[in-house]
Amino acid sequence: MPYLKLLHAKDQQVYVLSRDTTTLGRSGEVDIAIRGDRGVSKLHARIETEASGYVIADLGSRNGTYVNDHPVGGEPAPLLPGDHIRIGQTILAFEAGEPAGAESAAGTGDSGAQPSLFRADQLPYTLAGRTPGGTPGRGRRDTSADADGELLKLTALSKAVMTVRSEAELGDLVTRRLLEWLEADCCAIVHPRESESGYELETRALTTRTGEADRTISISTTAVNQALENRMASITTNAMEDDRFRDRQSVIVRGLASILCAPLWHEDRVFGLVYLDSSDPTVRFTVDHLGLVSAAANLAAIKIDNLRLFDAAVAKSAMDKELALAGEIQAGLLPGESYAFNALACAGAHVSCEEIGGDYYDFIPLDDDVLTVTIADVTGHGPSSALLMVACKTMLTTLIDMGIPLVERIGRLNEYMIHHSAESQFITFFHADIDTRTQTLSYCNAGHNPPMLLSRTGPIRKLASVTPPLGITAVSFEAETVRFEPGTRLVLYTDGVTEAAGPSGELYEEHRLESLLTEHRGQNAGDLKDTVITKVFEFAAGSRQCDDVTLAVVEHA
């Protein structure tokens, strides 16, 4: 029957755990009263039996409860023979067997089943034949030779693991070594996938003594859930009579004697499980075996984590190169920072918040007298937005080359986008024909920020939107026409300009842009473009921007 032995006391004191639940504390109402220790709370901790064995829970004590110097958190911690429990300054050893001259804790009860679930991060301590600071217990070796041998095995395994280049190679290495060390019939590494009914296990590596390639394995639901959710290792030394395997026909058919299961854990992550079984009744897995497997599983999990981090870094590097190339291609699709057409001087700038963006501006001649001017903004950022922008440019260029009139041009482009863009994607779009012969500007604004028209004197005129963005719904478009005489400037921009954020989160907004343009209305197209871009990024003061910044200026000289 398990018992607690008070350590470092003048007189030996032993408390037999004869109840299913035993409370500890300084109060006279607890089952085991700890006197004279101010660090012990009145109701400090509780030890109770579960199907897996004995566990200890902290009851909200002031100074906490510790098992082998590990604090007991919100969940009860399992107890193994030889474990040291510290409450306040008092240390109690949890032992198995019948003590001589024991003082029983009040009450009667069964001794309960032998523990079969263990904290995987504490099990490696058993390689030393005891838990930290503990004494040898039942089922544990007390010779340093065995411990040294197992430590040498782990050292050799760690060296071999360092040269592994893939998870498949790692799984083969670990399962072969563990199968050899424990003289098991089967060793497997399985990875979990969550499903509606719980976890589905996928065998990633399998090594058997007979070389079976399709060997089935039997892991209890309890063991899987405990390993994945609580980082617990499990062991059974009589699988035929273990209730957890009662409905598993494969266990009965093969007559398994011992089954061992340990999580592949690293820090707060569990990558999978290590499973071993044996049908030989003379090969019984012990807690020491579980400690060795748990340490090897931890080593494998660290390697898995490193392999995945390395693969992710390689993939990211390749993706960065592809995105950089895509950015260069996209920049080549834009007309450049300056463009001249008859009496028109054009300037533009595009600064993407990522490698590639969804903003677009363009200057394309329709005939000898008419220049088309466009600015657009695709929803979102990144590759999908950039692809839709390229499709938009390609379609628009084709329509212009075909000489399609302005309103029909926009209507066809809208229909194309409705059928070829994703459901959540649309394009704010401003498109104009500037006729240098008639000195007029005809335009359609589909949900875009209103471009600003600056004359030599007088207020700025905003070319506001009258239809929704392209790609949302079929709609009738109409063109508006305004004068575009010498000395007039058209400033087109995306919302990355007006929504540029400063360090405090304040936005640049339209009124600042309007004041800036009014102040510098006499500048030529190139200088005005540079002034706006400079002022916007001065306002942002190095803050990371969440949208592309795009600007185009057209001047009738």
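Modeller: Leaving aside neighbours within four places in sequence, Arg 412 is in contact (heavy atoms within 4.5 Å) with Met 395, Leu 399, Met 402 and Ile 404. The model is a predicted one, in which local features need pLDDT of at least 70 and side-chain atom pairs count only at pLDDT 80 or more, while totals for chains, interfaces and linings use all residues. Residues are numbered from 1 along each chain as its sequence is written, and side-chain values use heavy atoms, with hydrogens and water left out.

Arg 412 belongs to helix H7, residues 406-420; helices (H or I, at least four residues) and strands (E, at least two) are DSSP runs, numbered from the N terminus. Arg 412 counts as partly exposed because its relative accessibility is 34%; buried means under 20% relative accessible area, exposed over 50%, and partly exposed in between (1.4 Å probe, protein chains only). The side chain of Arg 412 also makes a polar contact of 2.9 Å with that of Glu 408. A polar contact is a pair of N or O atoms within 3.5 Å; within protein, one must be able to donate a hydrogen and the other to accept it, and residues adjacent in sequence count only if both atoms are side-chain atoms. Between the C-alpha atoms of Arg 412 and Ala 474 there are 9.9 Å, although 62 residues separate the two along the chain.

From this helix we may turn to the strands that follow. Strand S24 (residues 440-446) is mostly covered, with seven of its seven residues buried. Thr 440, Ser 442, Cys 444 and Ala 446 point one way from S24, while Leu 441, Tyr 443 and Asn 445 point the other way. S24 runs antiparallel to strand S23 (residues 427-435), to which seven bridges join it; two strands pair if DSSP finds at least two bridges between them. Opposite Ser 442 of S24 stands Asp 433. Four residues lie between the strands of this hairpin, in which Gln 439 takes a positive phi near 55°. S24 pairs in the antiparallel sense with strand S27 (residues 480-483) as well, over four bridges, and Tyr 443 has Glu 480 of S27 as its bridge partner.

A nonpolar core is a set of buried Ala, Val, Leu, Ile, Met, Phe, Trp, Tyr and Cys residues joined through side-chain atoms within 4.5 Å. The largest one has 43 residues, of which Ile 427, Phe 429, Leu 441, Leu 490 and Val 554 touch the most other members. Its largest share, six residues, comes from H6. Leu 490, setting aside residues up to four places away in sequence, touches a list that includes Phe 430, Leu 441, Pro 451, Phe 484 and Val 554. A second, separate core has 37 residues, among them Ala 160, Leu 178, Leu 179 and Phe 285.

Aromatic rings give a further view. A search of the whole structure finds five aromatic pairs; rings of Phe, Tyr and Trp (its six-membered ring) pair if their centres lie within 6.5 Å, and planes under 30 degrees apart count as stacked, over 60 as edge-to-face and the rest as tilted. One of them is the tilted pair of Tyr 54 and Phe 94, at 5.8 Å centre to centre with 50° between the planes. Because Tyr 54 lies in strand S6 (residues 53-58) and Phe 94 in strand S11 (residues 90-95), this pair ties together parts 40 residues apart in sequence. Tyr 54 is buried, at a relative accessible area of 5%, and Phe 94 counts as buried at 4%. Phe 430 and Tyr 443 form a stacked pair, with 5.5 Å between centres and 25° between planes. Here the link runs from strand S23, which holds Phe 430, to strand S24, which holds Tyr 443, 13 residues apart. Phe 430 has 0% relative accessibility and so counts as buried, as does Tyr 443 at 7%.

Finally, the structure holds 21 salt bridges, each a side-chain nitrogen of Lys or Arg within 4 Å of a carboxyl oxygen of Asp or Glu. In one of them, the side chains of Asp 362 and Lys 393 meet at 2.7 Å, N to O. Since Asp 362 lies in strand S21 (residues 359-365) and Lys 393 in helix H6 (residues 383-401), the pair ties together parts that are 31 residues apart in sequence. Both Asp 362 and Lys 393 are buried.
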